[in-house]
Amino acid sequence: MPDNTAYQCPNCTGPLHFNAKVGKLTCDYCLSEFETEEIKKMYAGKNAEAAAAENAEREWGDDAGRMSAYSCSTCGAELICEKETAATSCPYCGNPTIIPGQFKGTDKPDYCIPFRHEKKEAVKALSNYYKGKLLLPKSFVSDNHINEIQGVYIPFWLFSGTSEGSGVYDAIRESRLRSGDNEIITEKHYEVVREGHLSFDKIPVDASVKMDDALMDSIEPYDYADLKTFEMEYLPGFLANKYDVSKNDSIPRARDRANKSLETALRNSVTGFDSVHTKSHAENFTGTDIEYGLFPVWLLNTRWDNKDFMFAMNGQTGKMIGNLPISTGKFIAWIIGVFLPAIILLKLILDSFFSAFIGAAIITVLVAIALYKSMKPVAIASSAASYVAGQGLELTAKSERYTHTTERVIHHEKKK
């Protein structure tokens with residue numbers, strides 16, 4: 001009994017793959033197109049048999065814990081893959097191969113977002129991604145080559161729930177009065193309290209050990225308007241793995257993102273003041289629902305100057321992300337090019353070399369940080385704002401209490 005399924009064209013028996021452009025299964029040979037539901041019915045029996053089949057025991061030595069072997073249901077060749085592999089291609093006959101046993105019982109995903117972008121679009125998006133990167137070495141574009149490109153369904157845990165919390169703030173209303181050479185600044189302080197909650201729908205946390213968490217976070221958000229009930233018929237032509245990070249191990253990442261979003265929302269609800277300083281805050285995320293989904297990602301591995309660079313494109317939205325190398329010469333040139341004009345201009349305005357130097361240094365640092373971030377944008381997500389449900393922040397308590405007034409005097413010397 002076969003333990004995997006190769007989806008073949010009913011007309012010519014050629015391999016089928018899911019066509020992201022038309023949203024149907026397409027034959028590689030005769031180009032026939034089929035609705036997913038049509039192929040699902042056709043292969044229902046074979047998938048059930050494959051899911052029930054037991055893999056033969058193999059001797060793998062040190063790799064026994066992570067490898068599995070299957071026989072290609074089309075050509076009979078032995079397929080060797082990691083235990084988490086759920087969809088792959090036979091290296092001999094090229095047929096897309098699905099392993100239904102990976103989706104039995106609780107291992108079956110609840111949802112899937114089908115690919116909307118094809119391989120050639122990912123290659124073009126990577127080329128466009130290089131444009132406008134001011135610190136990119138000249139040779140990177142011409143000498144950087146794609147070693148491998150794969151369309152992969154990445155497993156994600158999806159957390160829905162509510163974050164409740166409160167914040168206490170020192171808020172200030174400021175007034176200024178000029179008296180001769182002195183400027184009197186009066187600050188009225190208020191203790192502001194906000195309490196409330198945010199609800200979230202399906203915060204994604206990638207559930208694959210092999211995937212870089214920061215890379216997966218950086219290609220968000222996903223548009224859940226395309227969320228489909230999971231069907232194996234979306235997988236042919238792509239790779240897919242089942243989760244190997246448990247939902248319990250993923251909870252802290254979802255919780256931290258939800259709580260940070262609430263902290264920011266509560267802080268932003270304090271308005272009508274000249275400045276606001278957070279004195280304390282506390283949040284608690286309670287997850288009410290944890291679901292499982294497979295989301296589309298194009299992974300592009302490139303090599304330049306004997307170094308590997310990994311890029312990822314959201315297979316649904318087309319968002320491309322990845323860290324790029326920085327030209328030291330260009331970076332220094334930008335630092336000098338910003339600092340010198342800034343110090344000259346500020347010297348004319350402020351009439352103080354020290355103040356001009358400090359101001360120019362601050363401007364240069366801010367520009368340097370912005371340039372660096374444009375080259376190294378991959379980062380762990382700290383917010384789940386894209387997955388806020390309902391009407392957003394719901395305040396359950398708010399108060400503003402005047403506490404005290406402070407005054408300070410700034411002496412302005414007259415210019416000679």
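In the predicted model, strands β10 and β14 pair in the antiparallel sense, and 27 bridges join the two. β10 spans residues 145-179, and β14 spans residues 275-304. One of the bridges sets Pro 155 against Leu 294, its partner in β14. β14 also pairs with β9, a strand of residues 111-112, in this case in the parallel sense and over 2 bridges. Here Tyr 111 stands opposite Gly 293 of β14. Pairing of this kind, parallel or antiparallel, runs through backbone hydrogen bonds between the strands of a sheet.

A further partner of β14 is β15, which runs antiparallel to β14 and is joined to it by 8 bridges. Strand β15 covers residues 307-314, and within this pairing Arg 303 has Asp 308 as its bridge partner. The two strands form a hairpin with 2 residues between them. Asp 305 is found in the loop that separates β14 from β15. Its phi is near 55 degrees, a positive value in a residue other than glycine. With a relative accessibility of 48%, Asp 305 counts as partly exposed, since that class lies between the 20% limit for buried residues and the 50% limit for exposed ones.

Ser 160 belongs to strand β10. The residue is buried, its relative accessible area being 9%, because buried means under 20%. When neighbours within four places in sequence are left aside, Ser 160 is in contact with Phe 200, Asp 201, Lys 202, Phe 285, Gly 287, Thr 288 and Asp 289. One of these, Phe 285, is 125 residues away in sequence, while the C-alpha atoms of Ser 160 and Phe 285 are 9.8 Å apart in space. Lys 202, another of the contacts of Ser 160, is found in strand β11, which comprises residues 182-206. Lys 202 is not a glycine, yet its phi is positive, near 60 degrees. It is also buried, with a relative accessible area of 10%.

For the protein as a whole, 7 helices and 17 strands are assigned. Of its 416 residues, 44% count as buried. Among contacts with a separation of 6 or more, 76% are between residues 24 or more positions apart. The largest nonpolar core holds 83 residues, and the members that touch the most others are Tyr 153, Met 216, Tyr 222 and Phe 311. Another core lies apart from it and has 5 residues, including Ala 342, Ile 343, Ala 356 and Ala 360.

Helix α6 consists of 23 residues, 328-350, and reaches 32 Å from its first C-alpha to its last. This is close to the 33 Å expected at 1.5 Å a residue. Val 338, Ala 342, Ile 343 and Leu 346 are buried in α6. An α-helix has 3.6 residues a turn, so residues three or four places apart point the same way. The buried residues of α6 pack against α7, which covers residues 353-375. Asp 351 follows α6 and has a positive phi, near 55 degrees.

Another sheet is open and contains 3 strands in the order β2-β3-β4, with antiparallel pairing. β2 (16-19) and β4 (33-34) stand at its edges with a single partner strand each, so one side of each has no neighbour in the sheet. Between β2 and β3, the latter made up of residues 24-27, there are 4 bridges, and the two strands run antiparallel. Asn 19 stands opposite Lys 24 of β3.

The second largest pocket has a volume of about 270 Å³. It is lined by 14 residues, of which Lys 119, Gly 151, Gly 237, Phe 238 and Trp 298 are the closest to its centre. The elements that give two or more residues to this lining are β2 and β10.

A cis peptide bond links Glu 220 to Pro 221, with omega near 5 degrees. Pro 221 is located in the loop between α4, residues 213-218, and β12, residues 228-229.

Technical notes
Residues are numbered from 1 along each chain as its sequence is written. This is a predicted model: local features need pLDDT of at least 70, side-chain atom pairs count only at pLDDT 80 or more; totals for chains, interfaces and linings use all residues. Side-chain values use heavy atoms; hydrogens and water are left out. A nonpolar core is a set of buried Ala, Val, Leu, Ile, Met, Phe, Trp, Tyr and Cys residues joined through side-chain atoms within 4.5 Å. Buried means under 20% relative accessible area, exposed over 50%, partly exposed in between (1.4 Å probe, protein chains only). Two strands pair if DSSP finds at least two bridges between them. The expected span of a helix is 1.5 Å times one less than its number of residues. Contact means heavy atoms within 4.5 Å. On a 1 Å grid over the protein atoms alone, a cavity is a set of points where a 1.4 Å probe fits but cannot get out, and a pocket is an open set with protein on both sides within 12 Å along at least five of seven lines; lining residues have an atom within 4 Å of a point. Grid points are joined across faces, edges and corners, and a volume is the space filled by probe spheres set on the points.
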